[in-house]
Amino acid sequence: MAMDEIVDGMSEVSCDVLVIGGGTAGPMAALKAKLKNPKANVVLLEKANVKRSGAISMGMDGLNNAVIPGYATPEQYTKEITIANDGIVDQKAVYKYAQNCYSIIEELDSFGIRFLKNENGDYAVKKVHHIGTYVLPMPNGDTVKKALYRQLRRARILISNRYMATRLLTASDGRVAGAISVNTRTAELLVIKAKSVILCMGAAGRLGLPTSGYMFGTYENAANSGDGYAMAYHAGAALANLECFQINPLIKDYNGPACAYVAGPFGAFTANNEGSRFIECDYWSGQMMLEFYNELLSGKGPVFLQLKHLHPNTIEEIESTLHKVERPTRGLFQQGRGTDYRKESIEMHISEIGFCSGHSASGVFVDDFARTSVPGLYAAGDMASVPHNYMLGAFTNGAVAGADAMEFADNHDFADFDAADIAKERDRVMAPTKRDDGIPPNQIEYKARRLVNDYLQPPKVTRKFELGQRRLAEVREDMEQRMIARNSHELLRALETQSILDCADMAAHASLYREESRWGLYHLRTDFPEKDNENWFCHTLLSKKDGRMTSEKREVQPYVVPIADDEKDLYDKQRIRVSA
Amino acid sequence: MPLATYQTSVPVVVDDAKCIADKGCTVCVDVCPLDVLRISDMTGKAYMAYDECWYCMPCEADCPTGAVTVNIPYLLR
């Protein structure tokens with residue numbers, strides 16, 4: 001058989017709980033679902049291989065949001081994230097996370113994942129945020145995926161690797177009924193009927209184009225092409241605050257952080273070309289990113305992470321973490337550039353745009369049980385709307401989703417769906433393989449993402465967005481009418497391109513809807529430069545209604561933890577003031 | 001529309017002398033998040049078939065014989 005030859009075939013299976021995405025939230029969701037009802041069938045579907053998939057493919061250097069008794073309280077954390085996210089937070093989910101995450105840390109510890117402890121045996125938590133102390137280094141963070149995988153095998157979770165989910169199946173009453181997926185090596189279809197479905201499919205990280213021009217050099221794992229966002233949208237689920245883009249401060253040309261979270265607690269800091277600090281706090285908020293962006297444009301750039309002033313032993317310690325975990329090619333990159341942390345500062349830049357609640361707040365709208373607006377459908381991790389939830393949030397909310405989804409499955413039978421939906425989806429998926437002549441997916445993807453950079457990157461200008469929408473519509477027509485896939489691997493890319501274009505359309509639509517500026521650089525609209533609490537202190541929910549993309553306002557739920565008036569703008573004061 | 005191929009230098013390099021794919025090993029192909037590695041029909045060794053790399057390293061880290069090297073793609077080097 002020729003490499004990646006397309007095989008015509010389709011099969012159907014069923015399970016109680018279907019988890020889609022085996023990165024961070026997914027394995028934990030599958031595990032907790034199975035533990036809740038060991039007799040039930042739990043399937044974990046993964047586009048790559050659960051052993052090494054997702055954002056933490058090579059592990060993680062630390063927890064960025066650990067709420068550990070003695071260092072921080074759930075109330076304090078909830079307050080901090082509410083302020084960092086400009087007030088647009090349903091606190092119940094954040095507060096629940098803050099209460100639950102310590103038990104998840106203990107559980108991860110029991111899996112063999114170790115966290116940094118001081119000489120007294122207490123967790124050595126570091127301060128990076130503006131107010132509280134939540135950053136906990138992970139000295140053996142490279143073992144995370146292995147430790148998780150062991151647990152999945154032990155619990156007898158059914159793992160299906162190399163299947164890309166393309167659409168959810170829904171019943172006539174709107175309830176979720178399962179999913180359709182395609183094998184990335186053979187293009188055979190697999191229909192999975194399920195009583196409940198948990199989406200853990202990561203960020204929409206292949207949206208903007210990195211400045212290096214290398215299409216797969218994205219900040220997020222490039223496999224995270226926003227498939228979950230697109231699937232949720234087409235199933236009728238609401239997506240929250242998509243205009244709150246993710247933009248990160250990264251090493252110039254390299255797609256990883258420099259990284260101030262690791263080096264900051266040791267005394268490193270973000271500096272301009274004069275060697276001066278210009279931001280109060282290195283925590284990644286939209287407000288901080290705006291100051292970063294302003295500094296780059298002001299003529300005082302480039303911006304650097306400065307650590308050459310530190311003791312050589314300290315630098316060595318930082319280096320060993322940065323070059324071993326999360327993005328180990330970071331060391332190789334610095335070596336190639338001849339950057340010695342002892343002598344030189346690290347040049348930084350800003351990343352391409354994406355959707356991700358892990359660092360910002362753009363995600364499928366969920367409540368404090370990880371339930372989406374579609375009955376039986378859950379979402380957790382980077383693609384669900386709980387803001388700033390990082391890796392520990394993915395684990396913690398994945399656990400919540402797993403338990404609740406199993407409870408749903410225990411109380412419901414399979415939902416009926418229209419068999420014609422499968423035939424329709426099969427035609428849609430296979431269409432690029434049926435054409436003899438046309439445009440390959442990489443060109444369609446490149447063009448779409450180049451347009452995202454040209455027209456949708458902040459600062460957001462209404463006229464540019466309208467032009468961008470027109471151009472993207474032209475690319476969509478090409479994608480739907482002329483895209484070709486000559487083998488199953490190209491078909492995988494063709495399907496991802498469709499997710500990317502869906503996300504680009506959603507990014508444009510959501511951004512035009514919110515007529516104010518909020519979240520610093522993430523939603524900086526030149527035509528509406530001010531924050532407008534009177535009209536826009538609300539979520540925006542985007543969804544598909546009667547086949548059309550629509551947006552609406554949704555009120556922010558009453559706070560569980562009150563925020564005093566003089567605390568609300570703490571994150572607006574990111575720029576260091578020069579005292580006379 | 002006629003198609004042409006164009007040349008690209010790929011970041012993942014496999015040392016054929018060390019690679020044991022011809023003995024049935026598929027570890028690097030299995031773990032790649034972007035699914036860009038394949039076993040060559042001609043040589044029986046692993047190679048990078050698609051230049052779509054996130055240079056994340058599982059292929060290098062998990063290779064049992066140390067045959068795989070991940071380089072930074074030229075465009076961002």
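The structure is a predicted model, in which local features need pLDDT of at least 70 and side-chain atom pairs count only at pLDDT 80 or more, while totals for chains, interfaces and linings use all residues. Residues are numbered from 1 along each chain as its sequence is written, and chains are lettered from A and ligands numbered from 1 in the order in which they are written.

Helices (H or I, at least four residues) and strands (E, at least two) are taken as DSSP runs, numbered from the N terminus. A cis peptide bond links A:Ala258 to A:Cys259, with omega near 25°; A:Cys259 lies in the loop between strand 10 (249–251) and helix 6 (260–263). Another cis bond leads from A:Gly301 to A:Pro302, with omega near -5°, and A:Pro302 sits in the loop between helix 7 (286–297) and strand 12 (303–306).

Positive phi values also occur at residues other than glycine. A:Asp86, with phi of about 55°, belongs to the loop between helix 2 (74–84) and helix 3 (91–110). A residue is called buried if 20 or more other C-beta atoms, placed from the backbone, lie within 10 Å of its own, exposed if 12 or fewer do, and partly exposed in between. With 19 other C-beta atoms within 10 Å, A:Arg162 is partly exposed.

Strand 2 (residues 42–45) of chain A is covered on both faces, with A:Val42 and A:Leu44 buried on one side and A:Val43 and A:Leu45 buried on the other. Strands are said to pair if DSSP finds at least two bridges between them. Strand 2 pairs in the parallel sense with strand 1 (residues 10–20) over four bridges, and is joined to strand 5, also in parallel, by three bridges. A:Leu45 takes part on both sides, standing opposite A:Ile20 and opposite A:Ser160 in strand 5.

In soluble globular proteins, nonpolar side chains tend to be buried together. Here, a nonpolar core is a set of buried Ala, Val, Leu, Ile, Met, Phe, Trp, Tyr and Cys residues joined through C-beta atoms within 7 Å. The largest such core holds 219 residues, of which A:Val19, A:Ile198, A:Leu199 and A:Leu239 touch the most other members. Contact requires C-beta atoms, placed from the backbone, within 7 Å. Leaving aside residues up to four places away in sequence, the contacts of A:Val19 include A:Val42, A:Val43, A:Leu44 and A:Leu45, as well as A:Ile198 and A:Cys200.

Helix 8 (residues 312–322) of chain A has A:Ile318, A:Thr321 and A:Leu322 as its buried residues. Seen down the helix axis, these fall within an arc of 95°, so they line one face of helix 8; the arc is that of the directions from the axis to the C-beta atoms. They pack against strand 4 (136–137), helix 6 and helix 9 (329–337). Exposed on the other side are A:Pro312, A:Asn313, A:Glu316 and A:Ser320.

Chain B, finally, contains two helices and four strands, arranged along the sequence as β-α-β-β-α-β. Of its 77 residues, 47% count as buried.

Terms used
Two residues are in contact if their C-beta atoms, placed from the backbone, lie within 7 Å.
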